[in-house]
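Here's a quick briefing to read with the structure open beside you. Take it one topic at a time and find each residue as you go.

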Amino acid sequence: MDGTCLELAGKFPAEGSRLVEADERELIRRAQRGDRAAFDALVRLYDHEVLRLALKLVRSPEEAQDLYQDAFLKVYRSLALFRFDSRFSTWLYRVVMNVCLDHLRRQKGRSEVQAPANPESDTEYFQTVADDRPELDPERSLKGREIAGRIQSALAHLNPRERTVFELRHYQGMKLRAIGELCGTSEETAKNCLFRATQKLRVALADLV
Amino acid sequence: MANEGVTMNCNDLEQALPFYLYDELSGDERAAYEKHLESCQLCRQALEDFRRLHEVLARRPRVEPTPELVVHCRQALDQALDREQLGWRALLRSLPALASLRFAGSGGLAMLTLVLFGFGLGWTLRPHTAALLNATKNAPSLEKSDLGTPELGHISDISQISPDPKTGEVRITVNAERRVTLEGSLDDPRIRELLVGAVKSYDNAGIRRDTLDILKQRSDNPAVREALLHAMRNDPNAGLRLEALKAVDGMEGEDLHQALLDVVEHEKNPGVRFAAVDALANHVTKEKDNTMLPALEELARNDPESYVRMRCASTVHALLGDAP
């Protein structure tokens with residue numbers, strides 16, 4: 001289990017920004033005693049990756065911000081329960097994944113709460129985040145946006161668990177064993193989710209393949 | 001392919017195909033897979049199809065939070081943590097009627113539960129709750145310093161609001177140290193103020209959404225009306241701003257028109273903005289509110305969105321009685 005945790009932790013956040021473990025433990029202890037500055041430091045250590053993950057899973061920056069806030073508030077409320085039995089990053093990302101899965105389930109059940117689905121909203125979403133691909137000519141750019149919209153729509157039709165597993169495996173490059181650990185499920189379940197997700201995407205995007 | 005074993009193998013390999021590409025097969029499985037590929041054109045084709053799917057999926061733009069979004073998120077979290085440190089004490093301070101209640105539940109329990117029954121039916125308090133309220137009626141009001149005392153316990157946050165459409169019952173679950181059940185209606189100012197406070201300032205979007213759902217049934221109440229307009233203008237979630245916009249559609253009046261105009265002028269989400277301009281046009285035309293004319297004319301001339309310009313121009317024509 002610890003091997004999995006280490007593997008997981010390696011994905012978040014960038015190594016360069018990671019404090020040495022002893023410093024992190026000290027920060028956690030101070031935050032557990034109510035030191036707000038220490039908690040803020042922990043947030044800044046991990047929040048970029050949390051926000052990136054949230055942006056991948058939801059349709060808009062506003063929703064990503066809600067996820068970000070819900071996740072860190074939950075971490076803040078339950079930090080006292082963290083007992084150093086696992087890596088802090090593993091514990092934190094479990095909390096984040098639970099918030100994301102809850103959000104996706106709620107979103108699935110209450111489609112009316114989503115921001116209005118019009119072409120503008122997708123444009124807004126993609127303009128909000130930086131795109132570091134090489135410049136494309138206008139025609140390719142338009143086509144690219146159409147394809148991006150199709151992919152986004154196909155992903156939105158996966159169920160929350162399939163969507164999450166697919167995002168983590170395909171776009172984050174995380175191993176299925178680690179994903180199972182993160183989502184509180186088995187590697188086999190994660191494997192089944194990935195299989196179903198790829199089958200659905202293959203059907204939904206058949207005309208583009 | 002005529003060989004039955006190979007056919008089975010093809011089926012097995014089709015199942016394993018995604019995991020081959022994701023490098024999730026064991027060494028033996030991978031070797032067997034590759035050996036089969038050498039002799040099976042069909043499976044090679046299937047693998048190629050999957051590779052092309054991966055190429056298509058790679059065309060999804062890389063999502064990176066902008067520095068502005070990161071800063072915005074951090075600032076919002078900072079404010080939420082400020083409120084969190086005060087917790088429900090802050091909300092209770094703004095709700096004098098609720099704060100005046102004495103919570104007389106059994107000690108040591110972890111939940112405070114408020115149960116509301118029968119919206120729209122002019123509910124009455126159930127006897128045991130009424131007794132509780134009456135029993136505490138003459139008790140001195142809780143001061144700020146009382147809010148963390150053992151008598152009330154520390155109330156940290158709302159964990160759930162779950163309306164039941166069949167019975168009209170709503171249960172609000174709040175994390176705390178004691179358990180109390182209150183039953184009342186939206187006519188009860190304490191309940192109303194609690195929900196109005198939650199829809200305006202609570203951090204969790206799901207809770208705000210559930211609260212909005214309940215409050216929109218009483219948009220005739222001035223405090224609820226104000227809260228709905230506030231949510232339409234200020235809720236951080238675009239979906240909830242749109243929900244609030246729908247909720248105020250049954251209302252009338254110049255404050256509504258002004259709020260809708262604010263949304264048209266300042267909203268960044270195009271879907272919400274277009275819905276707001278539609279609502280503004282309908283309300284202003286129906287209620288013949290000529291005070292909106294200058295603002296509508298300005299939008300009709302200069303708004304960057306052609307739809308907004310067109311909608312405002314037709315509303316101006318309708319108000320001036322010279323519609324084509």
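Which residues touch the most other members of the largest nonpolar core? They are Ala54(A), Tyr68(A) and Ile179(A), in a core of 52 residues. Keep in mind that this is a predicted model.

**The nonpolar cores**

- Let's zoom in on Ala54(A): leaving out residues up to four places away in sequence, Ala54(A) touches Ala64(A), Leu67(A), Tyr68(A) and Cys100(A).
- There's also a second, separate core of 44 residues, and its members include Val264(B), Ala275(B), Met292(B) and Cys312(B).

**A look at Arg196(A)**

- You'll find Arg196(A) in helix α10 of chain A, which covers residues 187-204.
- Arg196(A) and Glu162(A) are 34 residues apart along the chain, and their C-alpha atoms are separated by 7.2 Å.

**Where the two chains meet**

- The contact takes 52 residues from chain A and 43 residues from chain B.
- On the chain B side, the elements giving two or more residues are α3 (41-57), α4 (67-86), α9 (205-215), α11 (238-247) and α13 (270-286).
- α4(B) gives the most to the side of chain B that touches chain A, with 10 residues.
- Sorted by class, that side of chain B has 22 nonpolar, 12 charged and 9 polar residues.

**Two helices crossing in chain B**

- How do helix α14 (residues 293-302) and helix α15 (residues 306-320) of chain B cross? Their axes come within 7 Å, and the crossing angle is roughly 140°.
- That angle makes α14(B) oblique to α15(B), because an angle has to be over 145 degrees to count as roughly antiparallel.
- The crossing of α14(B) past α15(B) is left-handed.
- From α14(B), the residues that meet α15(B) are Leu293(B), Leu296(B), Glu297(B), Leu299(B) and Ala300(B).
- On the α15(B) side, they meet Val308(B), Arg309(B), Cys312(B), Ala313(B), Thr315(B), Val316(B) and Leu319(B).
- By class, this contact between α14(B) and α15(B) has 9 nonpolar, 1 polar and 2 charged residues.
- Remember Cys312(B): it's one of the α15(B) residues in this contact, and Cys312(B) is also in the second core.

Technical notes. Residues numbered from 1 in each chain as written. Chains lettered and ligands numbered in written order. Predicted model: local features only at pLDDT ≥ 70, side-chain atom pairs only at ≥ 80, totals over all residues. Core = buried A, V, L, I, M, F, W, Y, C linked by C-beta atoms within 7 Å. Buried ≥ 20, exposed ≤ 12 C-beta atoms within 10 Å, placed from the backbone. Contact = placed C-beta atoms within 7 Å. Helix = DSSP H or I, 4+ residues; strand = E, 2+ residues; numbered from the N terminus. Nonpolar A, V, L, I, M, F, W, Y, C, P; charged D, E, K, R; others polar. Axes fitted to C-alpha atoms, helices over the stretch in contact; angles between N-to-C directions. Parallel < 35°, antiparallel > 145°, perpendicular 65-115°, else oblique. Left-handed = near helix turned anticlockwise from the far one by under 90°.
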